[in-house]
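Here is a short briefing to read alongside the sequence and the 3D view. Take a look at the structure first, and then we can walk through it by topic.

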Amino acid sequence: MALRSIKTPTLITPAGVVSSSTVTKPQSFRLPSKLTASLAVHNRHPSSIYGICSNLKLKPAAHSSSAAKFRCSASALTPQLRDTLEKLVSSEKVVLFMKGTRDFPMCGFSNTVVQILKNLNVPFEDVNILENEMLRQGLKEYSNWPTFPQLYIGGEFFGGCDITLEAFQSGELQEVVERAICS
């Protein structure tokens with residue numbers, strides 16, 4: 001990746017002068033023209049329709065060489081990804097989209113939600129969003145929630161770490177989980 005240096009302007013604020021500095025930023029970011037995406041479901045429940053650990057394959061949208069460049073305005077939530085996510089969250093009672101896995105969380109917030117679910121003895125599916133950039137960006141659009149982890153209970157988005165922690169502390173989370181598992 002080519003890097004270029006740009007000079008930021010000097011800023012004058014009520015508190016004083018903030019001097020200029022040189023910042024190195026990437027010039028361009030290109031994705032490979034043939035993207036392959038997979039959604040790894042880390043399942044420990046033998047009764048699941050996904051088996052012990054399966055990969056759901058997603059076919060990328062057709063990309064021309066100019067379309068393969070990263071664009072912030074492009075939607076990462078393709079119809080195929082939306083269908084896959086809908087099938088997953090509706091077929092499992094509790095799904096946690098997280099950084100890492102239940103056995104090896106890669107951030108403190110994900111670890112907090114995993115520990116809460118383990119404390120309540122809740123069977124849940126964990127999906128590592130760090131394995132797939134398309135999944136990570138598409139989930140933000142799907143749930144309309146910008147951060148991870150994202151907890152789904154009974155096919156519905158429940159919340160992130162803060163909401164889950166508050167619901168756990170108030171006893172609401174256990175009630176919601178029990179209703180979902182019993183339905």
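A nonpolar patch, as the word is used here, is made of residues with over 30% relative accessible area and no salt bridge, whose nonpolar side chains are joined within 5 Å. Please keep in mind that this is a predicted model. The protein has five helices and ten strands, and the notes below pick out some of its details.

**Confidence**
- Mean pLDDT for the protein is 75, with 60% of the residues at 70 or more.
- Residues 1-38 have pLDDT below 50, and in the model this stretch makes 54 contacts beyond near neighbours in sequence.
- Residues 43-61 are also below 50, with 43 contacts beyond near neighbours in sequence.
- Where pLDDT is low, the predicted coordinates should not be read in detail.

**Overall picture**
- Of the 183 residues in the protein, 35% are buried.
- Taking contacts between residues at least 6 apart in sequence, 56% of them join residues at least 24 apart.

**A nonpolar surface patch**
- Which residues form the nonpolar patch on the surface? They are Phe-104, Met-106 and Leu-130, which together have about 320 Å² of accessible area.
- Phe-104 sits in the loop between β7 (94-98) and α2 (108-119).
- Phe-104 counts as exposed because its relative accessibility is 56%, where exposed means over 50%.

**Cysteines**
- A search of the whole structure turns up zero disulfides.
- Cys-107 is in no disulfide, and its nearest cysteine sulfur, that of Cys-161, is 7.8 Å away.

**Backbone details**
- Phe-148 and Pro-149 are joined by a cis peptide bond, with omega about 10°.
- Pro-149 belongs to the loop between α3 (133-143) and β9 (150-153).
- Asn-144 is found in the loop between α3 and β9; although not a glycine, Asn-144 has a positive phi of about 55°.
- Is Asn-144 buried or exposed? Asn-144 is exposed, with a relative accessible area of 68%.
- Asn-121, in the loop between α2 and β8 (125-128), has a positive phi near 55°.
- Asn-121 counts as exposed, at 68% relative accessibility.

How values were computed: Residues numbered from 1 in each chain as written. Predicted model: local features only at pLDDT ≥ 70, side-chain atom pairs only at ≥ 80, totals over all residues. Heavy atoms only, no water. Helix = DSSP H or I, 4+ residues; strand = E, 2+ residues; numbered from the N terminus. Buried < 20%, exposed > 50% of the residue type's maximum accessible area, 1.4 Å probe, protein only. Contact = heavy atoms within 4.5 Å. Patch = residues over 30% accessible without salt bridge, like charges linked within 9 Å, V, L, I, M, F, W, Y side chains within 5 Å. Areas by Shrake-Rupley, 256 points an atom, 1.4 Å probe, with all protein chains shown as cover. Salt bridge = Lys/Arg side-chain N within 4 Å of Asp/Glu carboxyl O. Disulfide = S-S within 2.5 Å. pLDDT = per-residue confidence, 0-100.
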